[in-house]
Structures are given as structure tokens and as C-alpha cells.
Amino acid sequence: MSPRDGGRGGGDVHGRFRYTPWHGGPDPLAPPFDVRSALDEIGQDVLAGGSLRESLRELLRRGMDGRRGLDDLAERVRRLREAARRRGDLGGTLDQVGAMLDQALAEERDTLAGEPGDDARLAEMDLATIPDDVAGAVRALGDYEWHSPEARATYQQIQQMLQREVVGAQFEGLKQALSGNDAQSREAMQAVKDMLADLNQLLAAHARGEDTEDQFREFMDKHGDLFPERPENVDELIDALARRQAAAERLMASLSPEQRDQLSRLMSEAMGSDPDLASQMAQLSDNLRALRPGLDRRSPVQQGQGGEPMGYGDAVGAVAELADLEQLGEQLGQGYFGATLDDVDVERLEQYLGADAARDMEALRQLERELERQGYVSRGDDGLRLTPRAVRRLGETALKRVFERVDAAGRGDHDDRAAGQADELTGLSRQWEFGDELPIDTVRTVSNALQRTARAARTRESAHSTGAVELLVEDFEVAETERRSVAAVALCVDMSFSMLQEGRWGPMKQTALALSHLVQTRFRHDALQIIGFNLAARRLTPTELTEAEPEWVQGTNLQHALMLAARHLRRHPDAEPVVLVVTDGEPTAHLEADGRPTFHWPATQTTIRATVAQVDELRRSGAQLNVFMLGEDPGLARFVDAVARRAGGRVFTPDVSRLGEYVVADYLRTRRGRR
């Protein structure tokens with residue numbers, strides 16, 4: 001529902017809102033991404049051997065649901081950065097001053113040529129001895145008595161332009177204010193000096209921790225017209241000024257040594273003509289350095305070829321823009337330690353890429369938050385981790401994919417909603433699903449309806465409720481039953497590095513999760529234990545298996561895995577014992593008498609005998625041992641054939657893409673046999 005345009009219903013004296021169905025396109029309250037689908041995508045990468053953090057980062061880089069990812073945004077920023085580098089010549093101020101100086105000297109020489117007398121000849125000799133470099137010439141002409149009024153005016157314009165460039169470089173937007181006629185420029189310059197004095201006083205108070213909000217507001221009320229960016233507080237003001245200061249220093253670092261020397265001397269000469277301005281600017285520079293010491297002030301900026309010469313102030317603005325784009329590129333790249341999406345400056349992103357890019361970034365942030373809020377990932381000291389809820393979701397997805405491929409003849413049990421063959425109530429209930437044939441749990445169903453009605457009664461829509469209780473579909477629950485026969489299942493999965501190399505790591509994990517989810521949701525009284533093995537074996541929960549990453553270790557210790565499987569079966573003596581083994585290599589490791597694992601390749605008779613001894617122990621316990629052999633290892637084929645004959649089990653050689661189908665179907669077939 002959404003408020004009707006205009007907000008309030010006509011004629012409602014109480015000012016209450018009226019609501020109508022939303023007809024304006026996509027639901028504005030809908031989540032930016034399908035979080036469950038996002039989790040499935042992340043899960044595919046995690047199950048294939050990636051870490052959760054890398055998988056989430058990859059999803060954020062790609063984007064989904066038609067929204068841009070980090071890679072697309074970063075590429076747009078990169079193109080803007082390259083365009084900014086080609087925009088103009090950062091050393092253009094020297095060219096501008098040189099052109100104006102040539103004009104002044106030409107005008108002066110023309111005037112001197114038309115004047116008789118020794119004074120004109122001496123002046124010509126003075127002009128002939130001025131330095132060739134621009135900064136030296138400007139300095140040498142500081143005390144020169146000009147004969148041409150036009151030349152004198154041009155030289156004064158050089159001084160004024162340099163002052164404007166220096167001030168404009170530090171204060172974005174002030175250059176234009178200082179570009180009026182002489183009277184206007186002098187008035188504007190005095191306003192700048194007054195502002196600088198108040199600004200330095202404010203920054204000094206902030207450094208001491210003595211500034212107040214009223215002091216900042218008073219400063220902005222008095223000088224706010226000189227700050228078009230309109231900072232909201234002292235910190236934003238400092239950030240804007242320090243950013244420009246850092247850009248000015250990076251600009252100087254980007255010039256050639258000769259350009260840097262000449263431009264520095266020109267600026268010094270221009271500021272030297274106004275000691276008050278020079279003092280305030282120097283004090284401001286010191287304050288900003290102390291308040292923002294961590295800014296990059298030394299890295300030179302790569303300049304592109306061509307482009308029009310830019311003045312000093314414009315060049316500083318261009319470098320500041322480049323710095324922004326470089327920072328955005330780093331933030332979007334997320335390549336540094338501890339990087340998060342909260343690091344991305346969304347306001348700056350919107351400034352350069354527009355509102356759509358900012359919305360895409362906010363959507364990516366919200367996706368990351370939603371995964372945490374909805375309980376799919378948790379954040380700890382060791383970073384992001386999948387929660388058991390997320391693992392259940394991955395198991396559900398894996399199981400659905402398995403069942404999509406199981407042929408119609410083998411689908412019986414997974415569609416059977418009964419939790420047990422004998423229809424004996426377990427005392428448990430669950431929400432009714434379409435197709436359920438279990439008995440309705442009347443007490444739970446009515447209780448759900450009453451609770452829902454009570455919650456609704458507290459809202460305005462149900463203020464005039466008649467007291468009747470209406471049953472809705474979501475209220476219904478069914479009573480579960482149990483089977484008399486249960487199974488103890490040990491699923492032993494090979495986690496040696498060859499499983500990753502041959503592309504079997506992901507299918508192996510998905511198979512284990514699918515079987516785990518099937519047992520948890522359909523056969524809750526069966527006891528499933530997942531056992532992973534390489535050089536040694538270990539028991540794994542579904543979450544631990546999901547998060548397990550490949551280890552560069554050699555060894556296939558099936559003996560140890562079968563030992564743990566036997567222990568699991570002994571803990572459930574009244575259950576039907578079943579052992580399922582998924583492997584792609586013959587046994588190459590076993591446990592020594594002292595319990596330490598040892599690896600030998602090719603497989604030795606000692607390892608084979610130790611493994612077969614464990615097979616015999618399982619056979620004596622009555623366990624059924626079925627092996628799912630991946631790959632075409634001749635040694636493994638000979639071994640599993642011998643094991644099958646010895647233990648009376650079965651051998652399967654599925655394509656890796658159908659591993660889950662084979663394992664789950666075999667488990668279901670075993671259950672049907674126990675009925």
C-alpha cells in the first residue's frame with residue numbers, strides 16, 4: 001500500500017492519511033535484490049572452494065538483478081579519470097604569465113623607441129638585462145619604472161592574476177569573485193582577508209577543542225557566500241579546504257623541476273606584494289596540515305598529451321577532481337585490507353556518476369546488510385561467516401537441483417510428506433504445504449489463527465473487529481509421524497586436492513549438503529554424519545563442510561574415514577547402518593599404531609591392508625558400504641571392485657555433474673528397501 005498522491009484524503013478534518021494500492025511501477029518498498037538468490041550465487045562460489053568474503057565480493061563486483069556492480073562503477077570512474085588527465089596542461093599558468101609578460105615588454109619597448117633622451121636608452125638597457133625565465137623576469141620588473149601606461153597595467157594584471165590564482169586554488173569559487181574591475185577586486189580581496197582571519201581563528205579553536213556550533217554558524221552567516229559547497233559543520237569545511245590544499249601540492253609535484261621552481265617563485269612574488277594576505281594564507285596552510293595530516297600531498301599526477309593550458313586555480317581544481325576519482329577507484333576496487341562498502345563516498349559518487357550510480361551503490365550496501373540482518377551471514381573477528389540458516393538454504397537449493405534430475409521412477413520418497421511409515425505421532429508439527437496428506441494439528445492451527453487475529457486487533461484496520469476468528473492458509477499446521485525403522489548414515493567425502501583440480505570439489509559439497517537437508521527435513525530420525533578425509537579424516541557439520549577450503553596436502557586416508565564411520569554407527573546400535581563413500585583416488589594414507597597419519601604414493605600394501613581391515617569391521621557390523629567412484633583411476637577401480645565384493649556393497653561411477661542425483665537416489669532406494 002502507498003499514500004495517495006497529495007498525501008491526505010480530501011475533506012478529512014483530522015488530517016489522517018488515506019491509502020490505495022500501488023500502481024506506479026516497481027514497488028518502492030521492495031528489497032533491492034532477491035537476497036535468497038544472492039545467497040545461492042554466493043553459495044555456488046563457496047561450495048566450489050572459494051571463501052565467503054571473496055564470493056560476496058565477486059557478487060558485489062558483478063551486480064545482479066539488472067543493477068550495476070562495483071566493476072561497472074569502477075570502470076566508469078576510470079574513464080572519467082583518463083578524461084580528466086587529458087583535459088589540459090597543468091603548467092598553463094607559466095604560459096599565461098609568459099604571454100602577458102611578452103605583451104607588456106613589447107608595449108614598453110614601442111613606447112621607449114618613440115622617446116628621445118638618456119632615460120629611455122637606460123630603460124632599454126634595463127629591459128635587455130632581465131632574466132630569460134618567466135619568474136625571474138617578473139621579479140626583476142617589480143621595481144621597474146614603466147614608461148608605457150598600457151605596459152604598466154598589463155604587468156599589474158599579472159600580479160592580480162597570480163593573487164587570484166593562489167586564492168582561487170585554495171577556495172573554489174573565489175577566483176570569479178576577484179575578477180571584477182580594480183575597485184571591485186580590491187573590495188573582494190579585502191573580504192577574502194577578513195574571511196581568512198575569521199577562518200584561521202575558527203580552525204585554531206577547533207584544534208584546541210574550543211569551537212562551538214554557534215561559532216561555525218556565525219562564520220557561515222558572515223562568509224557563507226564565499227563557500228559554494230555549503231559545508232554543514234567545521235569538519236566538512238576542513239575536509240573541503242584540505243582537499244584543495246593537497247591538490248595544490250600534488251600539482252606542484254606533477255610539474256617538471258624547472259616549472260615547479262618558476263611557479264613557486266611567481267606565487268611567492270605575487271603574495272609578497274600583499275603581506276597581510278600572505279600571512280593569512282601561510283597560517284591557513286599550517287592549520288590545515290595540522291588538522292588533516294594524513295592526506296596525500298606528494299604523489300604526482302600523470303598528465304595526458306595535449307589539452308589547453310590551464311591556469312593555476314583551474315589546474316588545482318583538475319588535480320582535486322583527479323584525486324577524488326582516484327579515491328573513488330580505490331574504494332570501488334575494495335582491494336585494501338579491511339575494505340567495506342561503507343568506505344565508498346556515495347555523495348562523491350553521485351557527483352561524478354549521477355544519481356543512478358548512487359542508487360546502485362546503496363543497493364549493494366543494502367544487500368550486504370540484508371544478508372546479515374536476515375541471518376545468512378555473521379561477522380566476527382575472523383571476518384564474514386555463513387550461518388547455519390544459510391547452510392540450510394544452500395542444502396535446500398542443492399536438493400531441489402538433485403530432484404530436478406531424478407527420473408520419475410525414483411522420485412517417490414522425496415514427495416512423501418509423511419515423516420514416518422507407521423504414522424505414529426512424534427509430537428512435532430510443521431506448517432502445512434500443498435500436497436500434504438498428514439493429519440491437521442487442530443490445536444496448533446487454531447492457536448496460530450488466534451495469535452494472528454490478536455496482533456491484527458491492535459492495528460487501526462481491525463479496530464472494529466467483530467471478534468470472529470478466520471482461518472487462513474498460513475495458520476494450518478500438520479502433525480508429523482515417525483517411521484519405526486531409522487538409519488545411521490556415514491557420508492565419507494574425499495577432500496584431497498585432486499578433487500579441486502578435477503572440478504569435483506563443488507559437486508561433492510553440494511551432494512553432502514543436499515543429503516543433509518533431505519535427512520533434516522524428511523527423515524529427521526535418521527542420523528547422518530559427514531566425514532571429510534585427505535591425509536587424515538575429521539567429522540564435519542554442514543556449516544563446517546560449507547566453509548572448508550581446499551588444503552594443499554597429499555593423501556587419501558579412507559581407513560581413518562571408515563574408522564570414524566564405524567564409531568558413528570556404534571553410537572546408533574538400533575539403526576540400519578549405511579556408509580557412503582565419495583572419492584576419486586585409491587587409498588594413499590593410513591594411521592600408524594601411534595595414531596599419526598602417513599602418506600605413501602603409489603599406494604603400499606600396508607595402506608591397502610589397513611583400509612581393508614576397516615572395511616571388514618564395517619562388514620561384521622552389518623553395514624552396507626556403497627562407493628561412488630569419480631574419475632578413471634585404474635588403481636581406484638581395482639580397489640573399489642574388491643571392496644564391493646568383500647563388503648557386499650555397490651559401486652557407482654557417476655559423471656561428476658550427476659553425483660548428487662546418484663547419492664540421494666541411493667539413499668532413498670535404501671530407505672524403500674527397509675520398509
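**Entry 1: a surface patch**

I began with Val446, which is found in helix H18 (residues 442–457). Helices (H or I, at least four residues) and strands (E, at least two) are DSSP runs, numbered from the N terminus. I noted that the model is predicted, so local features need pLDDT of at least 70 and side-chain atom pairs count only at pLDDT 80 or more, while totals for chains, interfaces and linings use all residues. Residues are numbered from 1 along each chain as its sequence is written, and side-chain values use heavy atoms, with hydrogens and water left out.

I looked up the cover of Val446 and found it partly exposed, at a relative accessible area of 37%. Buried means under 20% relative accessible area, exposed means over 50%, and partly exposed lies in between (1.4 Å probe, protein chains only).

I then recorded that Val446, Leu450, Val469 and Leu471 form a nonpolar patch on the surface, with about 310 Å² of accessible area together. Patch residues have over 30% relative accessible area and no salt bridge; like charges are joined within 9 Å, and nonpolar side chains (Val, Leu, Ile, Met, Phe, Trp, Tyr) within 5 Å. A salt bridge is a side-chain nitrogen of Lys or Arg within 4 Å of a carboxyl oxygen of Asp or Glu. Accessible areas come from the Shrake-Rupley method with a 1.4 Å probe; for residues, only the protein chains shown count as cover.

**Entry 2: strand S9**

I turned to strand S9 (residues 487–494), where eight of eight residues are buried. Ala487, Val489, Leu491 and Val493 point one way from S9, and Ala488, Ala490, Cys492 and Asp494 point the other way.

I next looked up the pairing, which requires at least two DSSP bridges between two strands. S9 pairs in the parallel sense with strand S12 (residues 576–583) over seven bridges. S9 also pairs in the parallel sense with strand S10 (residues 527–533), over seven bridges. Ala488 stands opposite Pro577 in S12, and its bridge partner in S10 is Ala527.

**Entry 3: aromatic pairs**

I searched the whole structure and found six aromatic pairs. Rings of Phe, Tyr and Trp (its six-membered ring) pair if their centres lie within 6.5 Å; planes under 30 degrees apart count as stacked, over 60 as edge-to-face and the rest as tilted. Trp146 and Tyr155 are both buried. Ring pairs link Tyr144, Trp146 and Tyr155 into a cluster.
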